[in-house]
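Hi everyone, thanks for coming. Let me put the structure up on the screen, and then we can walk through a few spots together.

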Amino acid sequence: LEALERVRETGQGEIEVTVLNNLALLEHALGDPAAALGRSAQALALARRLRALPKLMQALLARGELLLALGQPERAARLLAAVGEHPATVSYERAYARTLLARCSAEVAPQHASAEPDAPEPLALDALVAWALEPLA
(Lines give C-alpha, C1' and ligand atoms only; values in the text may rest on other atoms or scores of the structure.)
Protein backbone atom coordinates (compact mmCIF):
# COMPACT_ATOMS: atom_id res chain seq x y z
CA LEU A 1 0.00 0.00 0.00
CA GLU A 2 2.98 2.26 0.45
CA ALA A 3 3.67 2.06 -3.28
CA LEU A 4 0.10 3.14 -4.01
CA GLU A 5 0.44 6.15 -1.73
CA ARG A 6 3.76 7.13 -3.27
CA VAL A 7 2.34 6.92 -6.79
CA ARG A 8 -0.66 9.00 -5.75
CA GLU A 9 1.68 11.64 -4.34
CA THR A 10 3.40 11.94 -7.71
CA GLY A 11 0.12 12.35 -9.57
CA GLN A 12 1.01 9.66 -12.11
CA GLY A 13 -2.49 8.35 -12.72
CA GLU A 14 -1.58 5.82 -15.37
CA ILE A 15 0.92 4.15 -13.06
CA GLU A 16 -1.67 4.25 -10.29
CA VAL A 17 -4.03 2.23 -12.52
CA THR A 18 -1.36 -0.46 -12.88
CA VAL A 19 -0.68 -0.52 -9.13
CA LEU A 20 -4.41 -0.80 -8.37
CA ASN A 21 -4.79 -3.67 -10.86
CA ASN A 22 -1.85 -5.51 -9.30
CA LEU A 23 -3.19 -4.94 -5.79
CA ALA A 24 -6.58 -6.30 -6.86
CA LEU A 25 -5.03 -9.52 -8.13
CA LEU A 26 -2.83 -9.79 -5.03
CA GLU A 27 -5.76 -9.26 -2.66
CA HIS A 28 -7.64 -12.02 -4.44
CA ALA A 29 -4.63 -14.35 -4.14
CA LEU A 30 -4.52 -13.56 -0.42
CA GLY A 31 -8.18 -14.56 -0.06
CA ASP A 32 -9.94 -11.21 0.05
CA PRO A 33 -12.25 -11.08 -2.97
CA ALA A 34 -14.21 -8.08 -1.68
CA ALA A 35 -11.05 -5.99 -1.40
CA ALA A 36 -9.92 -7.26 -4.81
CA LEU A 37 -13.17 -6.17 -6.44
CA GLY A 38 -12.90 -2.79 -4.74
CA ARG A 39 -9.37 -2.19 -6.00
CA SER A 40 -10.39 -3.32 -9.46
CA ALA A 41 -13.28 -0.84 -9.41
CA GLN A 42 -10.88 1.92 -8.39
CA ALA A 43 -8.57 1.06 -11.30
CA LEU A 44 -11.44 1.08 -13.79
CA ALA A 45 -12.83 4.37 -12.50
CA LEU A 46 -9.43 6.05 -12.61
CA ALA A 47 -8.61 4.79 -16.10
CA ARG A 48 -11.99 5.98 -17.34
CA ARG A 49 -11.53 9.38 -15.71
CA LEU A 50 -8.05 9.72 -17.26
CA ARG A 51 -9.43 8.69 -20.66
CA ALA A 52 -6.29 6.57 -21.05
CA LEU A 53 -7.53 3.83 -23.38
CA PRO A 54 -4.55 1.45 -23.03
CA LYS A 55 -4.85 1.68 -19.23
CA LEU A 56 -8.61 1.18 -19.46
CA MET A 57 -7.98 -1.99 -21.46
CA GLN A 58 -5.47 -3.07 -18.81
CA ALA A 59 -8.05 -2.48 -16.06
CA LEU A 60 -10.72 -4.39 -17.97
CA LEU A 61 -8.27 -7.25 -18.49
CA ALA A 62 -7.48 -7.39 -14.76
CA ARG A 63 -11.22 -7.23 -13.96
CA GLY A 64 -11.86 -10.08 -16.39
CA GLU A 65 -9.10 -12.17 -14.86
CA LEU A 66 -10.51 -11.50 -11.40
CA LEU A 67 -14.06 -12.39 -12.45
CA LEU A 68 -12.83 -15.63 -13.97
CA ALA A 69 -11.01 -16.48 -10.73
CA LEU A 70 -14.20 -15.70 -8.78
CA GLY A 71 -16.22 -18.21 -10.81
CA GLN A 72 -17.86 -15.73 -13.19
CA PRO A 73 -16.61 -17.01 -16.57
CA GLU A 74 -19.51 -15.59 -18.61
CA ARG A 75 -19.02 -12.08 -17.20
CA ALA A 76 -15.26 -12.41 -17.59
CA ALA A 77 -15.64 -13.54 -21.20
CA ARG A 78 -17.52 -10.40 -22.17
CA LEU A 79 -14.75 -8.18 -20.84
CA LEU A 80 -11.93 -10.30 -22.18
CA ALA A 81 -13.45 -10.45 -25.66
CA ALA A 82 -13.68 -6.65 -25.74
CA VAL A 83 -10.09 -6.29 -24.54
CA GLY A 84 -8.87 -8.84 -27.08
CA GLU A 85 -10.44 -6.91 -29.95
CA HIS A 86 -9.90 -3.29 -28.95
CA PRO A 87 -7.22 -1.42 -30.95
CA ALA A 88 -5.91 0.31 -27.80
CA THR A 89 -4.96 -3.02 -26.21
CA VAL A 90 -1.21 -3.63 -26.28
CA SER A 91 -0.14 -6.88 -27.94
CA TYR A 92 0.91 -8.89 -24.88
CA GLU A 93 -2.31 -7.96 -23.05
CA ARG A 94 -4.33 -8.89 -26.14
CA ALA A 95 -2.66 -12.32 -26.18
CA TYR A 96 -3.28 -12.80 -22.45
CA ALA A 97 -6.93 -11.75 -22.84
CA ARG A 98 -7.37 -14.38 -25.54
CA THR A 99 -5.72 -17.03 -23.34
CA LEU A 100 -8.07 -16.18 -20.48
CA LEU A 101 -11.02 -16.12 -22.88
CA ALA A 102 -10.21 -19.70 -23.88
CA ARG A 103 -10.29 -20.64 -20.17
CA CYS A 104 -13.67 -18.95 -19.87
CA SER A 105 -14.99 -21.01 -22.77
CA ALA A 106 -13.68 -24.20 -21.17
CA GLU A 107 -15.42 -23.36 -17.89
CA VAL A 108 -18.70 -22.37 -19.52
CA ALA A 109 -18.80 -25.31 -21.94
CA PRO A 110 -19.63 -28.02 -19.35
CA GLN A 111 -22.54 -25.92 -18.10
CA HIS A 112 -23.92 -25.53 -21.64
CA ALA A 113 -22.94 -28.87 -23.16
CA SER A 114 -26.09 -29.13 -25.26
CA ALA A 115 -25.95 -25.68 -26.84
CA GLU A 116 -23.43 -23.06 -27.83
CA PRO A 117 -23.97 -19.94 -25.67
CA ASP A 118 -25.13 -16.85 -27.52
CA ALA A 119 -22.52 -14.13 -27.87
CA PRO A 120 -23.68 -10.99 -26.07
CA GLU A 121 -24.16 -7.81 -28.02
CA PRO A 122 -21.03 -5.65 -27.92
CA LEU A 123 -21.34 -2.62 -25.68
CA ALA A 124 -19.93 0.86 -26.18
CA LEU A 125 -16.84 1.32 -24.04
CA ASP A 126 -18.48 3.48 -21.36
CA ALA A 127 -21.39 1.05 -21.13
CA LEU A 128 -18.97 -1.88 -20.89
CA VAL A 129 -17.13 -0.25 -17.98
CA ALA A 130 -20.43 0.50 -16.23
CA TRP A 131 -21.53 -3.11 -16.79
CA ALA A 132 -18.18 -4.39 -15.48
CA LEU A 133 -18.72 -2.45 -12.26
CA GLU A 134 -22.20 -3.85 -11.61
CA PRO A 135 -22.42 -6.02 -8.47
CA LEU A 136 -21.90 -9.73 -8.97
CA ALA A 137 -24.94 -11.96 -8.88
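Let's start at tryptophan 131, where the charged end of arginine 75 sits over the ring, 4.5 Å from its centre. Arginine 78 also lies over the face of tryptophan 131, and here the distance to the ring centre is 5.0 Å. Please keep in mind that this is a predicted model. And what about aromatic pairs: how many turn up in a search of the whole structure? The answer is 0.

Now, on to the inside. The largest nonpolar core has 32 residues, and the members touching the most others are Leu44, Leu56, Leu60, Leu79 and Leu80. Which helices supply at least two residues each? They are α1 (2–10), α2 (13–29), α3 (33–50), α4 (53–69), α5 (73–85), α6 (91–108) and α7 (125–132). The largest share comes from α4, with 8 residues.

Setting aside neighbours within four places in sequence, leucine 56 is in contact with Leu44, Ala47, Arg48, Leu125 and Val129.

My last stop is glutamate 93, which you'll find in helix α6. Is glutamate 93 buried or exposed? It is buried, yet it has no salt bridge. The nearest side chain of opposite charge belongs to lysine 55, 6.2 Å away, while a salt bridge would need the side-chain nitrogen and carboxyl oxygen within 4 Å. So who are its neighbours, not counting residues up to four places away in sequence? Glutamate 93 touches Pro54, Gln58 and Leu61.

Methods:
Residues are numbered from 1 along each chain as its sequence is written. This is a predicted model: local features need pLDDT of at least 70, side-chain atom pairs count only at pLDDT 80 or more; totals for chains, interfaces and linings use all residues. Side-chain values use heavy atoms; hydrogens and water are left out. Rings of Phe, Tyr and Trp (its six-membered ring) pair if their centres lie within 6.5 Å; planes under 30 degrees apart count as stacked, over 60 as edge-to-face and the rest as tilted. A charge sits over a ring if NZ of Lys or CZ of Arg is within 6 Å of the ring centre and within 35 degrees of the ring normal. A nonpolar core is a set of buried Ala, Val, Leu, Ile, Met, Phe, Trp, Tyr and Cys residues joined through side-chain atoms within 4.5 Å. Buried means under 20% relative accessible area, exposed over 50%, partly exposed in between (1.4 Å probe, protein chains only). Helices (H or I, at least four residues) and strands (E, at least two) are DSSP runs, numbered from the N terminus. Contact means heavy atoms within 4.5 Å. Lys and Arg count as positive and Asp and Glu as negative; His and the chain ends are not counted.
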